[in-house]
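This report describes a protein model from its fold down to single residues. Please read it alongside the sequence and the coordinates.

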Amino acid sequence: MPESRSTRISSLPSSLNSSLNPPQSSPATPLKSVPSTTSLSMPKPLSLLLLLHKPYPSLVKASFNMQAFYTQISPQPFGLVTCGYEGTCRLMEFLEKVNGFSSSLKGWLRISKAWRQIVKDSHRNQIKSQSLIPASETLPMGRIYHETYGCQMNVNDMEIVLSIMKKAGYSEVVEVPESAEIIFINTCAIRDNAEQKVWQRLNYFWFLKRHWKSNVAIGRSQSVHPPKVVVLGCMAERLKDKILDADKMVDVVCGPDAYRDLPRLLEEVDYGQKGINTLLSLEETYADISPVRISKNSVGAFVSVMRGCNNMCSFCIVPFTRGRERSRPVESIVREVAELWKEGVKEVTLLGQNVNSYNDDSGAEEEVESGADWKFSEGFSSTCKVKRMGQRFADLLDHLAVQFPEMRFRYTSPHPKDFPDELLYVMRDRYNICKSIHLPAQTGSTTVLERMRRGYSRGAYLDLVQKIRRIIPDVGLSSDFICGFCGETEEEHKDTVSLMKAVGYDMAYMFAYSMREKTHAHRNYIDDVPDAVKQRRLTELIAAFRESTGPCFDIQIGTTQLVLVEGPNKRAPDTELIGKSDRGHRVSFANLTVPDRDCYDGKRNPRVGDFVEVRISKSSRASLFGEALAITKLSSFYNSVSDEDVAYANTT
């Protein structure tokens with residue numbers, strides 16, 4: 001027969017006994033006014049966790065020996081928890097009246113992780129056995145709010161984080177930070193502007209945490225307790241010390257390769273510690289984790305196939321925040337894509353910091369010298385050695401295209417050096433690999449390219465552009481450009497402007513140079529181009545892009561494009577739909593009834609996720625507009641196009 005509460009605490013020292021079990025003749029000391037649904041619903045009850053910070057040092061001041069105290073409470077190890085919940089609350093009241101603190105004991109408690117876990121598990125089991133509250137009324141582990149800045153890789157990383165947290169019991173995601181107990185902010189360190197946005201948001205999250213009581217009182221916040229603020233991603237790795245020292249603004253800092261450790265880091269915060277893990281890995285790819293999709297109704301999804309970068313461009317912080325390159329096994333990628341197909345996804349974008357250097361060497365045994373069998377684009381080079389060569393990016397694309405014939409595939413972001421002929425021919429021959437290539441140039445000057453350590457010249461880049469357009473005639477190109485890199489002269493800037501006009505890109509991402517610490521440029525060069533000059537050159541480059549991109553859109557007029565419907569056109573949501581063509585152009589068209597080629601003579605309005613044949617009639621030099629002809633399948637459209645080509649060839 002289990003002991004009663006009064007029996008269990010009868011062996012306590014008299015000073016504690018009187019506090020926990022006051023004489024019946026006198027009224028009991030009032031317990032703290034804490035709502036039971038708040039106190040008891042925590043998965044790791046804060047009522048007991050608080051004891052790990054304050055009571056034991058106080059007991060020393062009260063002349064108790066820690067080990068003897070446990071023995072007096074109960075003959076069982078760690079018998080403190082046998083006081084029950086009510087006894088624990090009364091013990092807290094008593095201990096709060098005892099002043100004093102011992103840093104040495106605090107340190108002892110910090111390293112006693114195994115002891116803490118035993119105490120927590122025992123307390124949790126007792127709460128469960130006593131059925132203090134029904135399981136259905138238990139609040140979740142904590143509601144999550146998340147924000148993501150930077151590239152698509154960060155979006156995919158957040159989906160991985162949500163999957164890890166869901167497995168740990170944190171399943172509820174809210175739309176606003178004021179309702180969250182945990183706030184994730186996934187950061188980017190590529191440019192200073194992105195970091196400044198993050199600091200602004202951190203200031204607001206600090207306000208929600210620091211003034212939680214008043215925010216709740218006036219209705220601004222609805223969280224159960226002050227939120228824990230977690231910084232993830234590249235900025236976490238680059239500025240971890242600065243972030244943690246920022247006036248208790250952040251509770252956890254976690255780098256891109258340490259997301260599996262997040263549940264433990266959040267747990268450490270319960271003990272008054274800062275959670276930090278920014279270690280980079282040579283192996284982590286999260287291949288076994290199925291991401292929780294953020295845009296559940298979207299017809300497109302991102303799949304990370306590799307992580308890290310070995311290129312060491314002089315301006316780039318990525319190798320220092322993301323680590324060295326490592327690729328997921330092909331089988332794990334196929335498995336994730338198959339899951340997305342079952343969920344209704346029609347287009348997958350393969351992601352990687354240097355995605356086309358993908359190298360699944362999980363089955364490779366022999367080491368090879370860089371350049372021996374590893375083929376680069378003609379005229380391009382790399383200082384990185386490929387130790388083992390496995391399945392390359394062309395192999396992965398071909399495998400996915402064959403296995404999922406009704407799904408479209410894109411990829412980003414590649415490096416120009418990793419476009420061997422095999423990759424270009426796979427893109428040409430597989431109809432469901434989109435004819436769109438991102439080809440970052442960064443600059444049009446060979447001398448600046450040398451300072452950037454890009455591994456190619458202006459001439460080699462232009463030769464690659466010509467080869468791509470020869471093999472894939474209808475390809476659309478996009479690029480990245482940096483204005484005002486260290487030592488850039490006016491002549492070198494003019495080379496970049498002329499390259500922009502010579503190539504004619506469908507899209508370009510252009511930025512003024514922002515020096516990053518730890519990079520080769522930071523250690524060896526001087527950021528000597530004035531900001532005003534950078535901005536002026538950026539303006540000139542944007543003007544050159546706008547002038548040269550028009551023909552890329554105008555040439556589509558009169559053609560029939562296969563458009564994947566993504567949703568209503570925001571400019572005319574009641575009458576128009578919008579989607580993306582194979583080249584990545586935005587195409588809008590009237591939402592009218594059209595034939596459905598897979599339903600024989602049936603007709604209906606296109607829906608999100610449909611592939612629609614659209615005859616292009618107008619171009620705005622940023623998007624296209626046309627007339628919907630029919631709803632079809634991906635394979636049916638390209639088979640019909642091939643048949644038309646054959647028929648035309650036979651008549652000539």
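**Basis and overall make-up**

The model is predicted, so to speak of a local feature requires pLDDT of at least 70 and side-chain atom pairs count only at pLDDT 80 or more, while totals for chains, interfaces and linings use all residues. Residues are numbered from 1 along each chain as its sequence is written, and side-chain values use heavy atoms, with hydrogens and water left out.

The protein chain contains 25 helices and 22 strands. Helices (H or I, at least four residues) and strands (E, at least two) are DSSP runs, numbered from the N terminus. Of the 652 residues of the chain, 53% count as buried. Buried means under 20% relative accessible area, exposed means over 50%, and partly exposed lies in between, with a 1.4 Å probe and protein chains only. Among contacts between residues at least 6 apart in sequence, 74% join residues at least 24 apart. A contact means heavy atoms within 4.5 Å.

Strands of a sheet pair through backbone hydrogen bonds, either parallel or antiparallel. Here two strands pair if DSSP finds at least two bridges between them.

Val 231 stands opposite Val 253 in β4. Axes are lines fitted to C-alpha atoms, for helices over the stretch in contact, and angles run from 0 to 180 degrees between N-to-C directions.

**The three-stranded sheet**

A further open sheet has three strands in the order β6-β9-β12, with parallel pairing. β6 (300-304) and β12 (408-412) are at the edges with a single partner strand each, so one side of each is left without a neighbour in the sheet. The twist here averages 25 degrees from one strand to the next. Five bridges join β9 (residues 347-351) to β12, and Leu 351 stands opposite Thr 412 in β12. Helix α17 (residues 330-342) lies across β6, β9 and β12, at about 165 degrees to β6.

Strand β16 pairs in the antiparallel sense with β21 (residues 611-619) over five bridges, and Thr 560 stands opposite Arg 615 in β21. β16 also pairs in the antiparallel sense with β17, over four bridges. In that pairing Leu 564 stands opposite Lys 580 in β17.

Pro 573 is in the loop between β16 (560-568) and β17 (576-580). With a relative accessible area of 47%, Pro 573 is partly exposed. The C-alpha atoms of Pro 573 and Asn 591, 18 residues apart along the chain, are separated by 9.5 Å.

**Two helix pairs**

Two packed helices are described by the angle between their axes and the distance between the axes.

| Helix pair | Angle | Axis distance |
|---|---|---|
| α18 (residues 393-403) and α19 (residues 421-429) | about 15 degrees | 9 Å |
| α22 (residues 490-503) and α24 (residues 531-554) | about 20 degrees | 8 Å |

α18 passes α19 in a left-handed crossing. A crossing is left-handed if the near helix is turned anticlockwise from the far one by less than a right angle, and right-handed if clockwise. The contact is made by Phe 393, Ala 394, Leu 397 and Asp 398 of α18 and Glu 422, Leu 423 and Val 426 of α19. These divide into five nonpolar, no polar and two charged residues. Ala, Val, Leu, Ile, Met, Phe, Trp, Tyr, Cys and Pro count as nonpolar, Asp, Glu, Lys and Arg as charged, and the others, Gly among them, as polar.

α22 and α24 are likewise roughly parallel to each other, but their crossing is right-handed. Residues making the contact include His 493 and Met 500 of α22 and Arg 537 and Phe 545 of α24. By class, this contact has six nonpolar, three polar and six charged residues.

**Thr 321**

Thr 321 lies in helix α16 (residues 318-322) and counts as buried, at 1% relative accessibility. Leaving aside neighbours within four places in sequence, Thr 321 is in contact with Cys 234, Glu 237, Arg 238, Pro 256 and Leu 280.

Technical notes:
Parallel < 35°, antiparallel > 145°, perpendicular 65-115°, else oblique.
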